[in-house]
Amino acid sequence: MNIIDRRRNPQGKSLANRQRFLRRAKRQVTEAVRQATAERRIRDVADGERIVIPTDGLREPKFRHDPSTGHQEGVVPGNKSYQEGDLIPRPAKGGGGGAGREGADDGDGSDDFGFALSREEFLDIFLEDLELPDLMKQTVGRSEHTTSERAGFAVSGSPTNINLVRTMRNSLSRRIALRRPSNDELDALRLEIAELERTAPDSRRLDELRIRLGLMQRRAREIPYLDPMDIRFNRYEAVPKPITQAVMFCLMDVSGSMSEAMKDLAKRFFTLLYLFIQRRYRHVEIVFIRHTHRAEEVDEDTFFHSRETGGTVVSTALVEMRRVIAERFPVADWNIYAAQASDGDNLTADGPEVASLLAGDILPITQYFAYVEVSGGVGELLRTDSNLWRAYAPFSTSHRNFAARRVADRGDIYPVFRDLFTPEKHSV
Amino acid sequence: MSSAATTAAGGPLFAESDWSYDTVRRTYDAIEAIAIGELGLDVYPNQIEVITAEQMLDAYSSIGMPLMYDHWSFGKHFAYDEMLYRKGARGLAYEIVINSNPCISYVMEDNSMAMQALVMAHAAFGHNHFFKNNHLFRQWTDAGAILDYMQFAKSYVARCEERHGERAVERVLDAAHALMDHGVNRYQRKRRVSPKSAEKRARDRLLYEEETYSELWERTVPPDSRRERGAAERAQAPAIPEAVPLPEENILYFLEKMAPKLEPWQREILRIVRQLAQYFYPQKQTKVMNEGCATYVHYRIMNRLHEKGLISDGGIMEFLHSHSSVIFQPDFDDKRYSGINPYALGFAMMTDIERICERPTEEDRQWFPAFAGGGDTMATLKEAWANYRDESFVLQFLSPAVMRQFKLFKLQAEPDAPEYLVDAIHNERGYRKVRRALARRYDVAVGDPNIQVAETNLDGDRTLVLRHEAIGGRLLDLDDAVAVVQHVADLWGYPVALVEVDAESQRVLREHDRVAPRR
């Protein structure tokens with residue numbers, strides 16, 4: 001008998017099959033991810049979790065009997081009181097009698113198919129759904145951000161990383177230690193020989209010198225100028241980027257005019273911003289502020305799901321935000337981001353108030369303030385600018401940390417972030 | 001065997017629940033002494049492989065084979081099994097055993113030592129003996145070659161993917177999997193093709209293709225005339241020496257040999273799936289016997305180890321706990337009921353055979369005159385293990401005592417009747433009826449729909465006609481049938497029709513629409 005330990009065998013043998021499966025189920029999985037994003041909290045959105053997808057297109061059909069046709073008979077265990085000739089009412093659907101039913105224990109029989117996605121897979125699909133450019137997907141999807149830093153020298157590495165100074169220093173000391181003749185020495189010797197050849201061709205000195213030259217040349221050949229053992233490479237180590245903390249304010253108008261579809265768009269926007277910010281900061285807090293004609297800080301559920309009635313006064317939300325910052329997030333310790341979603345309604349008289357709050361209090365202390373105006377459909381884009389848009393419009397040009405965009409569709413969300421991540425603004 | 005004697009003197013083989021290679025080896029030797037020396041089992045050499053939970057899931061999803069080609073359906077099963085396991089809804093099997101020579105048993109690393117002993121007795125001796133001796137396995141499977149063949153299949157499919165693209169290969173595999181149950185020869189004896197020579201043949205074929213590949217030809221000659229050349233070649237090619245006689249129930253075999261438009265690599269893939277189906281065909285027919293045999297063997301061996309003082313009381317309690325959950329049979333009205341548990345039925349019947357051999361009642365003498373009171377349990381069991389399959393085993397050996405123990409009863413119903421009729425119960429009048437009905441349930445020929453290729457109409461529009469001989473008016477599930485017929489049409493390359501007729505009267509019950517191949 002042999003005992004073999006297979007535990008060290010390469011893991012993830014099923015990866016190829018899993019990729020094929022996900023590709024096959026792409027449409028269903030994307031739909032399920034969309035749903036999950038709508039249901040989950042922003043903070044948990046990227047945690048891989050169980051999703052359920054319908055099995056259409058994933059069924060593995062077989063010729064099998066339709067259990068509802070034909071004469072059925074079967075043998076079952078556990079008779080308690082039945083006598084021959086008794087009649088047993090049939091259960092409404094399936095189950096029970098077991099006559100002629102093949103067990104569907106491998107998951108094929110169920111209508112829906114549930115399984116778990118890893119965080120990476122989930123993010124991949126989520127980001128792809130938002131039509132992010134590939135490069136962005138990569139950077140956002142990565143959970144830990146590292147930079148490489150110089151960390152001493154190594155004896156192996158890639159040619160581009162050769163450290164010339166070190167290498168040459170090693171080479172020099174080796175050459176000195178092994179007494180490799182330098183070019184200068186050789187040249188001097190040759191000169192002397194040439195000189196002697198001219199003046200005293202038969203002198204013993206000339207023979208001596210010739211022999212010495214031969215020896216030295218041999219030595220120079222045998223001891224290489226640069227030996228592989230001299231070579232040193234710069235060593236780099238992946239170091240997690242210095243990470244600080246950030247707080248993200250989500251502001252949203254929850255008055256009656258915001259429809260569910262608008263809120264869904266807003267949620268995607270907030271989620272994406274959260275993922276971006278999370279990439280940069282190890283610790284990210286989220287504060288939800290909803291407003292009608294008055295504003296309050298709420299938890300996420302209330303934020304997205306409960307409805308308020310009332311007018312719309314945006315400045316109240318900014319005042320509330322200012323209050324929360326003052327209370328809990330000292331500007332020196334926190335990077336402050338704000339994202340606001342609204343359908344653009346605002347009390348006309350509130351416009352100047354909003355502008356002054358933004359210019360005076362909010363923008364100077366926030367890293368970035370993103371405003372999205374969500375609208376139900378393309379048609380709405382054509383109407384005249386909303387009150388809020390008109391109030392915010394000047395800041396887009398006057399402040400670099402302010403962006404305003406109109407969003408009608410999932411694909412519109414990403415461009416809002418382009419500004420945020422263009423290189424010249426990396427001075428965070 | 002001598003090692004067993006030496007360890008017996010020193011008390012239990014293991015005291016702790018953690019296992020080590022040393023204890024596994026000593027325990028294996030002690031088990032072997034009982035299995036071979038006392039029970040007289042005949043087994044392939046054993047190989048025990050320790051694996052992790054993830055590897056066990058892997059093996060699960062690729063239908064228990066250690067090597068398997070890539071296909072999305074395995075990924076689907078893996079995802080599903082993994083989720084159930086992570087949720088804790090389902091435990092993993094303690095072992096998986098491969099019908100190969102040497103016989104490979106996979107055991108989980110986190111089994112306790114008592115479980116490892118149980119698993120070795122169960123798989124390495126119980127299943128192993130069954131694989132080596134049952135006539136179906138002897139006749140239909142080649143234990144010495146299966147791993148080589150799977151190695152070949154895996155690399156062949158991978159190469160096809162490289163060459164023709166994943167999608168193209170996937171389409172063929174999808175279709176072949178749908179027809180897997182109809183890819184076995186049920187009656188004629190399998191021709192022996194050694195997998196090594198099959199591999200060589202496929203390799204030669206590829207090599208030839210590579211050698212004769214001409215860039216110029218592929219790029220300059222318009223594809224139409226190429227196809228003509230191909231058709232002409234195919235016409236002369238000796239690859240299809242004679243038409244497969246109809247009707248033919250091995251649909252995969254038929255398509256592999258006769259489908260006009262398939263490329264050689266597509267035929268080879270059909271062949272691989274067909275070989276796989278044939279390999280698993282005996283296992284399908286012997287679930288009760290196979291599990292029963294393994295369970296009976298582990299039960300005897302573990303008790304014997306305990307008798308000899310080689311397993312502590314604690315060890316045997318742990319064993320009994322898992323043994324009794326393995327052979328648990330819920331009643332039909334229990335929420336946990338999902339059919340008759342093959343472990344429970346097999347084990348009950350085999351311990352019952354032991355009882356009949358050794359302590360028969362008057363009833364047993366009437367029912368089983370051949371061996372009741374014969375005393376030689378192992379000889380009777382070994383004879384049964386070698387020469388029966390589930391259907392015939394139940395028909396021959398299911399005793400009234402077991403029917404009473406399980407309180408079996410027979411139900412029947414016409415399709416639209418609102419009630420089931422209790423046709424027979426476990427009494428004098430019902431025993432034979434119940435037994436016959438149960439045996440029929442294990443008959444794969446009854447369980448799988450009987451579908452044959454009836455006509456090909458090669459001179460006309462090449463419509464392929466499939467014919468379902470329905471027994472007792474049982475029709476095919478419509479959705480699935482349409483989907484499978486589509487797969488057949490894709491492989492055949494021309495329209496396919498499906499007719500369902502009554503097996504006895506030959507009356508047409510249902511005619512399906514003709515399905516044209518997808519482009």
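Some ground rules. The model is predicted, so local features need pLDDT of at least 70 and side-chain atom pairs count only at pLDDT 80 or more, while totals for chains, interfaces and linings use all residues. Residues are numbered from 1 along each chain as its sequence is written, with chains lettered from A and ligands numbered from 1 in the order in which they are written.

Start with chain B. Chain B has 23 helices and nine strands. Helices are DSSP runs of H or I with at least four residues, strands are E runs of at least two, and both are numbered from the N terminus. Of its 519 residues, 44% count as buried. Buried means that 20 or more other C-beta atoms lie within 10 Å of the residue's own; exposed means 12 or fewer; partly exposed is in between; the C-beta atoms are placed from the backbone. Now contacts. Take those in chain B between residues at least 6 apart in sequence: 70% join residues at least 24 apart. A contact is two C-beta atoms, placed from the backbone, within 7 Å.

Next, the interface. How many residues of chain A are in contact with chain B? The count is 58 residues of chain A, against 79 residues of chain B. On the chain A side, the elements giving two or more residues are β1 (2-5), α1 (15-24), β3 (72-76), β4 (87-89) and β5 (112-116). The largest share is six residues, from α1(A). By class, that side has 19 nonpolar, 21 polar and 18 charged residues. For the classes, Ala, Val, Leu, Ile, Met, Phe, Trp, Tyr, Cys and Pro are nonpolar, Asp, Glu, Lys and Arg are charged, and the others, Gly among them, are polar.

β4(A) joins β5(B), residues 419-424, through three bridges, and the two run antiparallel. P89(A) has E419(B) as its bridge partner. Pairing here requires at least two DSSP bridges between the strands.

Now inside chain A. Look at β8(A), residues 245-253. Eight of its nine residues are buried, so the strand is largely enclosed by the rest of the structure. β8(A) pairs with β9(A), residues 283-291, in the parallel sense over nine bridges. There, C250(A) partners F288(A). β8(A) is also joined to β11(A), residues 334-342, by eight bridges, again parallel. M248(A) partners Y337(A) in that strand.

On to a helix pair in chain A. α11(A), residues 351-362, packs on α12(A), residues 387-398, at an angle of about 30°, with the axes 9 Å apart. Axes are lines fitted to C-alpha atoms over the stretch in contact, and angles run from 0 to 180 degrees between N-to-C directions. G351(A), V354(A), A355(A) and L358(A) meet N387(A), R390(A), A391(A) and F395(A).

Now the cores. A nonpolar core is a set of buried Ala, Val, Leu, Ile, Met, Phe, Trp, Tyr and Cys residues joined through C-beta atoms within 7 Å. Which residues have the most contacts inside the largest core? They are I31(B), I269(B) and V488(B), in a core of 171 residues. Helix α5(B), residues 113-133, gives the largest share, 13 residues. Not counting residues up to four places away in sequence, I31(B) touches A117(B), M120(B), A121(B), F125(B) and I301(B). A second, separate core has 55 residues, including V254(A), A295(A), V354(A) and A403(A). V354(A) was also in the helix contact.

Helix α3(B), residues 53-61, is worth a look. Seven of its nine residues are buried, so the helix is largely enclosed by the rest of the structure. Among them are M56(B), L57(B) and Y60(B). Just after α3(B), I63(B) takes a positive phi of about 35°.

Most residues other than glycine have a negative phi, and most peptide bonds are trans. R179(A) has phi near 55°. R179(A) sits in the loop between α5 (164-177) and α6 (183-199) of chain A. Is R179(A) buried or exposed? R179(A) counts as exposed, because it has 10 C-beta neighbours inside 10 Å. K407(B) has a positive phi of about 50°. K407(B) lies in the loop between α20 (400-406) and β4 (409-413) of chain B. K407(B) is partly exposed, with 17 other C-beta atoms within 10 Å.

Last, a cis bond. The peptide bond from N101(B) to P102(B) is cis, with omega near 0°. P102(B) is in the loop between β2 (95-98) and β3 (103-108) of chain B.
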